[in-house]
Amino acid sequence: MDLADIGVTGLATMGRNLARNLARHGYAVAVHNRTHSRTQQLVKEFGGEGTFVPSEDLAGFVASLKRPRRAIIMVKAGAGTDAVIDQLAALMEPGDMIVDGGNAHYADTRRREAALRERGLHFVGTGISGGEEGALLGPSIMPGGSAESWEALGPILQDISAKVDGVPCCVHVGPDGAGHFVKMVHNGIEYSDMQLIAESYDLLRQALGVTPSELAGVFREWNKGDLDSYLIEITAEVLEQVDAETGRPFVDIVVDQAEQKGTGRWTVQSALDLGVPVTGIAEATFARALSGHPEQRAAAASLAGPDLSGVDGRELVEDVRQALYASKIVAYAQGFDQMAAASREYGWDLDLGAMATIWRGGCIIRAKFLDRIRAAYDADPHLPTLLADPTFAGALAAAQESWRRVVTTAVRIGVPTPGFSSALAYYDGLRRDRLPASLVQGLRDYFGAHTYRRVDKEGAFHVDWSGDRAERPA
Ligand code: NBP
């Protein structure tokens, strides 16, 4: 039997397309799936695209791989992944590599990497973005794991990844769980991007009374400027779609309850642990949660609201464009802060500019905008916040009047825009000279003797609030 260069186990949508991508690039690909019919189907339908080496069981799959072995797992994240890792690890030898390309939680990846390292195996938790089409035509790939495994896997992964200006959308992100962490934040930012787009659509439709297909034209126009991105492009397509059965706009026949698979929630949970305010991602996650409570929405439907009329539509479209761009800058700044914080916490030494580079193609948040983020980190790799980069600071300055008008209008006519509002609050919070956190500290010292620091001298202090109210060093 010919030995395969690399293997894929788990041949549902993603695994099958990844295997085909590898085969189309000239690699001999070992293929396996728990239910063998999927493997047979793949070879039957796409066998002509390259060299596939099918196996009915995992032992055969492992035996068909060249040493050191490279096996990619593409199964449903969770217990299934642990089961497959255990079975593979039992069949492998020191130096072999197990790649998990599913959407695993980075903490699971850290645990799995440490356990397999003990056994001399490389475990490479890898973020893969781009959905079904990306997996086949070139995804953005975010591998973690050891430097040694990157040497053996990097060239193959870069080969099958998306390319922008000839640059592969794949770098070695960092050790252990770094790849899955970065993929998680990517997905969190994706939530935020979509929420901001949805708010733009909703506000313009409610305020101006325009049709979805008219708004498709607005998004198409926006896609020619600063907002040029995959998500804006497909927003125009979705808004233009008409339901064949009813003749109504497609967006009006879709149940308005957004689902989530959990990566947005993970991003927010991790941000809470790291102490990083990712308000854009949190609001997007909560907005989906709010939409998913029909019983509460029905009960609240008759609550009082303001009059929708009286909106001056002349400037609103451009104002919303500016608000969308400014809020997007904030969302990305927050996501990049979260990656920087995790990098410090886990010792990953993440190259933030490189993360922007590998998201430029293949993935869902691909956008021209990412070139500007990369340039910002090229200019200053230790930038404390993306908002401080001169290009972004200038864009925010240019947008802020529009942004404020949009939030004011939304509040006045009762259209919820949690993404725009929270992004503006973050912007205003970060730029403040003095924050009311000083009062919070005073209250904490009053009721809990939590102490405070002074602006004019070193040390911690406490006021004897229930006694003479004199300050004493703590
Ligand atoms: P699914 O997430 O739907 O998983 C189905 C695959 O998992 C099938 O091959 C199934 O085998 C296998 N599997 C399960 Br379920 N439990 C198993 C077990 N205990 N042992 C062995 N195999 C098991 O597939 P997908 O949509 O192709 O996604 C694969 C991974 O890629 C997931 O982690 C997903 O989160 C991630 N991902 C998906 C996308 C996307 O756009 N869909 C994008 C990026 C990442 P069977 O055929 O025998 O049931």
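Biologist: Is W348 buried or exposed in this predicted model, and at what relative accessibility?

Modeller: Happy to start there. In this predicted model, the cut-off for a buried residue is under 20% relative accessible area. W348 falls under that cut-off, so the residue counts as buried, at a relative accessibility of 2%.

Biologist: What kind of aromatic pair do Y346 and W348 form?

Modeller: The two ring centres of Y346 and W348 lie 4.8 Å apart, with 35° between the planes. Stacked needs planes under 30 degrees apart and edge-to-face needs over 60, so an angle between those limits has its own class. The pair of Y346 and W348 is therefore tilted.

Biologist: Which residues make up the cluster that ring pairs build around Y346 and W348?

Modeller: Ring pairs link these two with two further aromatic residues. The cluster consists of Y106, F181, Y346 and W348.

Biologist: How many aromatic pairs does the structure hold?

Modeller: Good one for a tally. The pair of Y346 and W348 is tilted, and it belongs to the set of aromatic pairs in the structure. That set numbers 14.

Biologist: What geometry do the rings of F336 and W359 adopt?

Modeller: Their centres are 5.7 Å apart. The planes meet at 70°, and over 60 degrees is the cut-off for this class. The pair of F336 and W359 is therefore edge-to-face.

Biologist: How many residues apart in sequence are the parts that F336 and W359 tie together?

Modeller: F336 belongs to helix α15 (residues 316–346), while W359 sits in the loop between α16 (352–358) and α17 (369–379). Both residues are buried. Because they lie in these two elements, the pair ties together parts whose separation in sequence is 23 residues.

Biologist: Let's turn to the ligand. Which residues come nearest to the ligand?

Modeller: The shell around the ligand has 20 residues.

Biologist: At what distance does a polar side-chain atom of R38 lie from an oxygen atom of the ligand?

Modeller: For context, a backbone N or O atom of L11 lies 3.5 Å from a ligand oxygen. A polar side-chain atom of N33 lies 2.7 Å from an oxygen atom of the ligand. For R38, the distance from a polar side-chain atom to a ligand oxygen is 2.6 Å.

Biologist: What percentage of the ligand's exposed area does the protein bury?

Modeller: Taken alone, the ligand exposes 910 Å². The elements giving two or more residues to its shell are α1 (13–24) and α4 (79–91). The share of the ligand's area that the protein buries is 76%.

Biologist: With which side chain does S129 make a polar contact of 3.3 Å?

Modeller: S129 is part of strand β6 (residues 122–129). Its relative accessibility is 3%, so this serine counts as buried. Beyond its sequence neighbours, S129 is in contact with several residues, including P139, K183 and C363. The polar contact joins its side chain to that of H186.

Biologist: How far apart in space are L121 and G95, C-alpha to C-alpha?

Modeller: L121 is in the loop between α5 (106–118) and β6, and at 5% relative accessibility this leucine counts as buried. Among the residues L121 touches are A89, M92 and P94. L121 and G95 are 26 residues apart in sequence, yet their C-alpha separation is 5.3 Å.

Biologist: Which residues does the cis peptide bond join, and what is its omega?

Modeller: The proline involved, P68, is found in the loop between α3 (58–63) and β4 (70–73). The bond joins R67 and P68, with omega about -15°.

Biologist: Last one: what is the phi of D349?

Modeller: D349 lies in the loop between α15 and α16. Its relative accessible area is 68%, so D349 is exposed. Its phi is positive although the residue is not a glycine, with a value near 55°.

How values were computed
Residues are numbered from 1 along each chain as its sequence is written. This is a predicted model: local features need pLDDT of at least 70, side-chain atom pairs count only at pLDDT 80 or more; totals for chains, interfaces and linings use all residues. Side-chain values use heavy atoms; hydrogens and water are left out. A residue is near a molecule or strand if one of its heavy atoms lies within 4 Å of it. A polar contact is a pair of N or O atoms within 3.5 Å; within protein, one must be able to donate a hydrogen and the other to accept it, and residues adjacent in sequence count only if both atoms are side-chain atoms. Accessible areas come from the Shrake-Rupley method with a 1.4 Å probe; for residues, only the protein chains shown count as cover. Helices (H or I, at least four residues) and strands (E, at least two) are DSSP runs, numbered from the N terminus. Buried means under 20% relative accessible area, exposed over 50%, partly exposed in between (1.4 Å probe, protein chains only). Contact means heavy atoms within 4.5 Å. Rings of Phe, Tyr and Trp (its six-membered ring) pair if their centres lie within 6.5 Å; planes under 30 degrees apart count as stacked, over 60 as edge-to-face and the rest as tilted. Lists of a residue's contacts leave out its neighbours within four places in sequence.
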